[in-house]
Amino acid sequence: MPDVSLLQPLCDVLGISLNELFSGEHISAEEYKGKAEENISKLFKEKQIAFIHEANTESKKKELFAKVRSGQVRVLLSATQKMGAGTSVQDFLCRRM
């Protein structure tokens, strides 16, 4: 999974929505809400959405950040008071090959 911050610019270039990218298909306006709920539900079931509040120790926080970097967790939710403003859990924006 690429860096999450790259997904929206990719969608803009392709002329599709994030929902369409995750679904792998074009979605009509009528189907959009249902497909969005389906995609979010799928992420929750696969435990790919996490809340920083679940990491209540420094070691659990480091473990959660490692899961984000590896792609096991794709969405990390938090309040600014809990995680801070502008926290980045990535090692690199891109890597040289």
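A salt bridge is counted here when a side-chain nitrogen of Lys or Arg lies within 4 Å of a carboxyl oxygen of Asp or Glu. The model is predicted, and it holds three salt bridges.

| Salt bridge | N to O distance |
|---|---|
| E25 and K35 | 3.0 Å |
| K35 and E38 | 3.4 Å |
| K67 and E63 | 3.9 Å |

K67 and E63 pair at 3.9 Å, N to O. Both residues belong to helix α4 (residues 58-70), where they are four residues apart, about one turn of the helix. K67 is partly exposed, at a relative accessible area of 33%, and E63 is partly exposed at 48%.

Elsewhere, salt bridges that share partners join E25, K35 and E38 into one network. The side chains of E25 and K35 meet at 3.0 Å, N to O. This pair links distant parts of the chain: E25 sits in the loop between α2 (18-23) and α3, K35 in helix α3, 10 residues apart. K35 also forms a salt bridge with E38; these two are three residues apart in helix α3, so about one helical turn separates them.

K35 has a relative accessible area of 18%, so it is buried. E25 is partly exposed, at 40%, and E38 is partly exposed, at 46%.

The surface also carries a nonpolar patch of about 390 Å², made by I40, F44, F51, V75 and L77. Helix α3 (29-45) and strand β2 (75-77) each supply at least two residues of the patch. One of the patch residues, I40, is found in helix α3 and is partly exposed, with a relative accessible area of 45%.

Methods. Residues are numbered from 1 along each chain as its sequence is written. This is a predicted model: local features need pLDDT of at least 70, side-chain atom pairs count only at pLDDT 80 or more; totals for chains, interfaces and linings use all residues. Side-chain values use heavy atoms; hydrogens and water are left out. Patches are made of residues with over 30% relative accessible area and no salt bridge: like charges are joined within 9 Å, nonpolar side chains (Val, Leu, Ile, Met, Phe, Trp, Tyr) within 5 Å. Accessible areas come from the Shrake-Rupley method with a 1.4 Å probe; for residues, only the protein chains shown count as cover. Buried means under 20% relative accessible area, exposed over 50%, partly exposed in between (1.4 Å probe, protein chains only).
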